[in-house]
Amino acid sequence: MNMKGDSDDLMTENGNLTPNWKEPLKSDVPKMSALTDWEGLQKYMHYQRTRIWRSFLAIFYINWIISTVQNLMLDILMMGPLPRHVSFIMDGNRRYAKSLGQPIKYGHESGALTLMKIVTMCKKLGIKTVSVYAFSIENFNRPPDEVNTLTSLLAEKLNYVAERAIDVKSNLYGLRLRVVGERSMISKELNDKITNVERMTDEGEDIVLYICFPYTSRNDIFHAIYDSVEKCKYHALPASSLDVSKISSEMFFDSSSDKCDLVIRTSGRTRLSDFMLWQVHENGIIEFSETLWPDFSFWEFFVIILKWSFFTCLQTKELTGFSLRKNALGFAKQHLWLHRFEPVVLEELPDPPEMVSIIDRS
Amino acid sequence: MDKIQERVLEATIADTDVGQGKQEHIPPPTNSKNNPAKPSLYNMTATAEIAMLKPSGNDAVEAKMKTSSSTWAKSSNKLEYLFYKTLLTILYMIYACVRYAKYQYNRTKIQILNLAYSPSNTPQLIRQDVLKFQKLPKRLATILEFKSEGDVGGGLGGLINDGSELVTWSISAGIKHLTLYDYDGHLKKNVDEFRKGIHHKLSKYYGPSNVPKFAIRIPQWNKVYFNLPGTAPSDPDSKKVALEVSLLSNRDGRETIVDLTKTMADLCVNNEMKLSDITMKLVDSELTQLVGPEPDLLLYFGPSLDLQGFPPWHIRLTEFYWEEDNDQVTYSVFIRGLKSYSTCKINVGK
């Protein structure tokens with residue numbers, strides 16, 4: 001598959017958030033199966049849905065209308081409170097490829113496209129930090145073929161994103177790219193490339209994209225512990241001064257290491273799989289979605305953010321006790337009626353009438 | 001490396017304060033004190049107020065509002081701002097209506113499930129339910145909540161009741177390890193009452209003459225208790241337990257990791273330990289010793305998942321189960337959690 005051509009066509013040059021699929025699906029596509037075979041039927045339905053949706057989007061006006069509506073929705077949503085740190089566990093690329101009868105590489109590529117779409121959304125909304133679980137340390141257990149595919153895909157995409165991030169005309173301009181994790185486990189060649197790309201986008205201030213490659217949360221915590229101890233030993237940091245925030249600051253996500261507001265995991269598994277343990281266990285929200293990652297749509301993400309922002313409004317109200325009625329009344333009292341409570345001196349009051357007792361008279 | 005463990009334990013044992021009072025737990029937005037997903041007009045007006053009056057979360061919007069120079073641009077900007085804010089409020093209202101409809105649906109579902117699954121104090125029924133599953137979690141963990149005294153099932157009594165019910169169900173299901181987590185450590189602090197509560201509940205299920213034996217471990221203070229308070233521990237049979245319960249609180253989470261770091265830093269500075277001795281394996285084994293092993297399944301009985309500071313090292317591959325909009329510790333959630341675990345597939349990395 002021609003990777004380069006693909007991405008140029010697909011990406012979102014003119015504020016368009018829906019990828020425009022030019023290339024039809026080929027190779028062995030799922031066939032209509034017997035009605036009794038539920039799984040086969042599901043697979044077939046998924047394939048048909050994807051195919052029809054893509055040909056629908058290929059019509060120019062439809063695409064334009066949809067992206068205009070989407071941009072309007074984002075304009076509305078960014079008026080409310082927003083999470084600062086959102087992270088994604090991008091699960092389901094392989095199942096997606098399998099259900100369309102494509103090679104696994106195809107799934108990962110579609111996943112990368114979905115990621116670009118979501119990051120563009122986040123940037124437009126004004127979310128400051130996005131982190132994604134691209135590759136776990138445990139993923140080295142996968143067949144070497146796939147590991148190589150993933151690694152080369154990362155290298156390709158990094159360049160691609162970095163070019164957009166420094167291009168003023170692109171809607172990814174202002175993005176800062178960081179690749180975090182156990183970097184000693186990847187080849188020197190790739191490491192150099194990553195460092196280079198990171199340097200290219202260092203100026204970006206609008207949004208930071210952390211790509212966790214190869215990463216596990218336990219490894220992150222362990223590193224933080226190790227580095228803290230090292231600081232105590234060689235940099236004369238007193239051991240008694242260590243606390244939660246000091247250890248958090250040693251972690252990979254810079255200032256966002258302490259908390260992640262929202263973790264989204266796709267494709268139905270209800271566990272964290274060694275990601276964001278430290279960041280989400282206090283009071284983060286974890287959203288589990290049944291959708292496979294490449295199918296993760298604008299609207300699904302939109303609803304998740306809308307939900308977050310709705311409940312955050314409610315919580316703000318509860319925590320601050322802010323009330324319109326009270327505020328308005330207080331404002332009116334202070335400014336409209338000049339009614340102020342002044343201290344009263346007893347002696348200044350007029351004298352009471354003469355005291356007469358009935359009992360004393362008799 | 002027993003030295004590390006001893007030193008960390010010194011710190012944690014000395015800390016009789018189990019987390020309460022240090023800092024109030026701020027729940028995630030979806031889990032505020034009064035269930036925010038519960039339909040109420042007040043919630044809707046409150047959201048509308050905040051949506052209209054609080055400034056936007058987006059920096060670009062704020063910047064635009066400030067920089068416009070001419071009066072005309074300013075007022076048109078304000079108008080635009082107001083327009084979008086109104087649309088946002090409308091969007092919230094639509095969302096609220098949908099959510100409230102879903103709440104009603106979920107509640108009805110839970111009511112029906114509660115009718116369908118009822119253990120009615122019979123261990124045989126629970127075992128029968130469990131026998132249908134292909135696998136059970138080896139270690140089960142649950143997060144319990146201390147509800148305010150006025151509520152139904154609230155206060156310490158309610159918490160102990162919930163805890164002892166879970167203990168009874170776990171014993172009946174045949175699970176060997178149960179971890180009970182509550183943020184403020186109320187169960188830890190009232191361990192004697194809790195033991196009585198468990199005994200009472202168990203004798204209801206199994207009859208007072210042959211109550212199953214249990215052990216309660218409090219990792220923070222490195223203590224183990226067997227059965228009822230006051231029973232003779234010399235009896236060798238009393239240590240053959242059907243279930244081991246461990247009680248955790250917020251103190252066992254991040255703070256224990258900090259304590260471990262401090263201790264290792266101390267040892268390293270005094271050259272009692274080399275920096276290269278600190279490995280992932282060591283940290284893992286120390287934390288397993290200090291807090292306990294990682295649970296396989298974590299049940300939460302609140303309306304939407306909130307980990308409440310459950311020890312972060314210990315939720316690596318743990319399956320989560322909760323029932324949306326549920327707010328009680330019920331058998332139906334327990335058994336459905338076990339059911340979902342029995343069908344889950346775990347493939348580490350592959």
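Here are a few notes on the sheet, the helices against it, and the cysteines in this predicted model.

1. Start with the sheet in chain A. Six strands make up an open sheet, and reading across it you get S3-S4-S2-S1-S5-S6, with parallel pairing. If you're new to sheets, remember that strands pair through backbone hydrogen bonds, either parallel or antiparallel.

2. Now look at the edges. Strand S3 (175-180) and strand S6 (285-288) of chain A each have a single partner strand, so one side of each is left without a neighbour in the sheet. From one strand to the next, the twist averages 15 degrees.

3. S3(A) runs parallel to strand S4 (residues 207-212) of chain A, and six bridges join the two.

4. Two helices are worth a look here. Helix H6 (residues 144-165) of chain A lies across S3 and S4 of chain A, at about 155 degrees to S3(A). Helix H11 (residues 298-320) of chain A lies across strand S1 (85-89), strand S5 (262-265) and S6 of chain A, at about 150 degrees to S5(A).

5. What about disulfides? The count over all chains is zero. For Cys212(A), the closest cysteine sulfur is in Cys260(A), 10 Å away, so that is too far for a bond. Cys212(A) is also buried, at 0% relative accessibility.

Definitions and conventions: Residues numbered from 1 in each chain as written. Chains lettered and ligands numbered in written order. Predicted model: local features only at pLDDT ≥ 70, side-chain atom pairs only at ≥ 80, totals over all residues. Heavy atoms only, no water. Pairing = 2+ DSSP bridges. Helix = DSSP H or I, 4+ residues; strand = E, 2+ residues; numbered from the N terminus. Axes fitted to C-alpha atoms, helices over the stretch in contact; angles between N-to-C directions. Contact = heavy atoms within 4.5 Å. Disulfide = S-S within 2.5 Å. Buried < 20%, exposed > 50% of the residue type's maximum accessible area, 1.4 Å probe, protein only.
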